[in-house]
Amino acid sequence: MATRSHAEQVGEERLRAATGRTREGWYALLDEAGAREWDHTHIARWLGGEHDVDAWWAQGVTVGYEQSRGLRAPGQRPDGTFETTVTKTVRATLAQAWPYLADDDLRSEWLDVDWPVMGLTEPRTARFRGDDDSRVLLALSELPPARDGRPRTRVASAHTRLRGADEVAETKKFWKDSLEALAGLLERD
């Protein structure tokens, strides 16, 4: 379950429609400008300032460029650490799912770690610090009801500050399994 590169996540046609250039067109322009020597922020600002690329797309082109030139691996952050995200849609309301993030006892039923809570923003987000000083954000988003009328909530985990690419696949599997366990508990209730 490797992290997909920017090129695998964003189609060429979509990129061209949003930015006016192909991926290789942008990369050639960046090479010509000397971007291999720039940091992430400099590249993204140059794309926005010199070429009027929307900030979201400038970030995407920058990440894709860095990956294509070996300056960054998929899943790697500008500071050299790695991150992974996993989402799961559960059959529950936001109010039903929230206690499973916020309450220590309920959380221990599906999450087999005892990380310090760094912050809770009821009823949407919970932040934790991992034993390895990594960071975890769990976020809830209410979705429209399913076709059968049952409520749905998206649970997203973002695990950042991972120390190496080798930790990404293992961490992604951990979160996939954990969120599946949470869905099972919510289906039971």
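Arg188 and Glu109 form a salt bridge in which the closest N and O atoms are 3.6 Å apart, a salt bridge being a side-chain nitrogen of Lys or Arg within 4 Å of a carboxyl oxygen of Asp or Glu. The pair links distant parts of the chain, since Arg188 belongs to helix α8 while Glu109 lies in the loop between α7 (104-108) and β2 (117-121), 79 residues apart. Arg188 counts as exposed, at 55% relative accessibility, whereas Glu109, at 41%, counts as partly exposed; buried means under 20% relative accessible area, exposed over 50%, and partly exposed in between, with a 1.4 Å probe and protein chains only.

## The model and its confidence

This is a predicted model, in which local features need pLDDT of at least 70 and side-chain atom pairs count only at pLDDT 80 or more, while totals for chains, interfaces and linings use all residues. Residues are numbered from 1 along each chain as its sequence is written, and side-chain values use heavy atoms, with hydrogens and water left out.

The chain averages a pLDDT of 93, and 98% of the residues score at least 70, where pLDDT is the predictor's confidence in each residue, from 0 to 100. Confidence is lowest in α1, at a mean of 82, and highest in strand β3 (residues 125-129), at 98. Where pLDDT is low, the predicted coordinates should not be read in detail.

## Overall architecture

The chain has eight helices and five strands, which follow one another from the N terminus in the order α-α-α-α-α-β-α-α-β-β-β-β-α. Helices (H or I, at least four residues) and strands (E, at least two) are DSSP runs, numbered from the N terminus. Taken along the principal axes, the C-alpha atoms of the chain fill a box of roughly 60 × 40 × 30 Å.

Of the 189 residues in the chain, 40% are buried. Among the contacts with a separation of 6 or more, 56% are accounted for by residues 24 or more positions apart, contact meaning heavy atoms within 4.5 Å.

## The largest pocket

The largest pocket holds about 730 Å³ of space. On a 1 Å grid over the protein atoms alone, a pocket is an open set of points where a 1.4 Å probe fits, with protein on both sides within 12 Å along at least five of seven lines, and lining residues have an atom within 4 Å of a point. Grid points are joined across faces, edges and corners, and a volume is the space filled by probe spheres set on the points.

The largest pocket is lined by 24 residues, of which Arg4, Gln9, Val63, Gly75 and Glu83 are the closest to its centre. At least two lining residues come from each of α1 (6-9), α5 (55-68) and β1 (82-90), and α5 gives the largest share, six residues. The lining divides into eight nonpolar, eleven polar and five charged residues; Ala, Val, Leu, Ile, Met, Phe, Trp, Tyr, Cys and Pro count as nonpolar, Asp, Glu, Lys and Arg as charged, and the others, Gly among them, as polar. Glu83 also meets Arg77 in a side-chain salt bridge (3.6 Å, N to O); Glu83 is partly exposed at 25% relative accessibility, and Arg77 is partly exposed at 37%.

## The second largest pocket

About 210 Å³ of space lies in the second largest pocket, whose lining includes Trp115, Asp131, His159, Glu167 and Phe174. Both β5 (152-162) and α8 (165-188) give two or more residues to this lining, with the largest share, four residues, coming from α8. Three nonpolar, four polar and four charged residues make up the lining of the second largest pocket.

## Two contrasting residues

Ser157 has its place in strand β5 and is buried, with a relative accessible area of 1%. Not counting residues up to four places away in sequence, Ser157 touches Thr84, Thr85, Val86, Leu137, Leu138, Trp175 and Leu179.

Asp52, in the loop between α4 (40-51) and α5, counts as exposed at 70% relative accessibility. From C-alpha to C-alpha, Asp52 and Thr19 are 8.7 Å apart in space, although 33 residues apart in sequence.

## Further salt bridges

A search of the whole structure finds 14 salt bridges. Among them, the side chains of Arg135 and Asp133 meet at 2.9 Å, N to O, with Asp133 partly exposed at a relative accessible area of 40%. Asp31, Arg36 and Arg69 are linked in a network of salt bridges.
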